[in-house]
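Let's take a walk through this structure, starting with its strands and moving on to its aromatic rings.

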Amino acid sequence: MKKNVLLITVMAMGLSVAAQSRIGEWKDLNSFNTLQHIYATSDRVYASTRMAMFYYDKGAYSMTTMTKVRGLSDVGIATFAFDEASRCLVIADSNSGIDFCRGGQVYHLPDIRRSTIGGDKQIYNIRFHGGKAYLACGFGIVVVNMTTYEIEDTYTLGEDGDYGVVCDVAFTDSLIVAGTDNGFMYAPV
């Protein structure tokens, strides 16, 4: 009897080892319990946690995870936004890299992370206006062309050339408004 129990235990251990990932394969073990951001489009609902993202496809009734193992360029999600005009999902990671996800393809823009700007490079929010993404960053505003995925301009809003933290950006018909650590600032678009 004891030999049978030992044999079954050894076999069960062998099955659990066989269920593990093969050598050379990565497996993501991210928690999707605590959501930080959520955005719904006509066909999908996007949600992010601290380390990964997922979306629910309303038509296919399916959920797809997006992690470093499954398509994203880095770990840690700072924020994300969806541009309805270009149908592009823009994801800012916690290392200040940006992923542009459109049509099953991901383009990574590491320029902010690699820049020589000192201080806070965190991307706090993303807004879209006129075919461009406006990134509210710890040093100002970065403008990215949504067609070419290239940085077109950078605005620093601090006094005397210092960097000022921009928490968010909004637009009116004629103004761009920045919510900063020193209050609101605005300028003609």
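A quick word on terms: strands here are DSSP runs (E, at least two residues), numbered from the N terminus, and two strands pair if DSSP finds at least two bridges between them. With that in hand, look for the open sheet formed by 4 strands in the order β1-β2-β3-β4, with antiparallel pairing. Its edge strands, each pairing on one side only, are β1 (37-40) and β4 (62-66). β1 pairs with β2 (residues 44-48) over 4 bridges, in the antiparallel sense, and Ile38 stands opposite Ala47 in β2.

Before going on, keep in mind that this is a predicted model: local features need pLDDT of at least 70, side-chain atom pairs count only at pLDDT 80 or more, and totals for chains, interfaces and linings use all residues. Residues are numbered from 1 along each chain as its sequence is written, and side-chain values use heavy atoms, with hydrogens and water left out.

Now for the rings. Rings of Phe, Tyr and Trp (its six-membered ring) pair if their centres lie within 6.5 Å; planes under 30 degrees apart count as stacked, over 60 as edge-to-face and the rest as tilted. The structure holds 7 aromatic pairs. One of them is Tyr107 with Tyr149, stacked at 5.3 Å centre to centre with 20° between the planes. Tyr107 sits in strand β8 (residues 105-109) and Tyr149 in the loop between β11 (140-145) and β12 (151-155), 42 residues apart.

Elsewhere, Tyr39, Tyr46, Tyr55 and Phe82 form one aromatic cluster.
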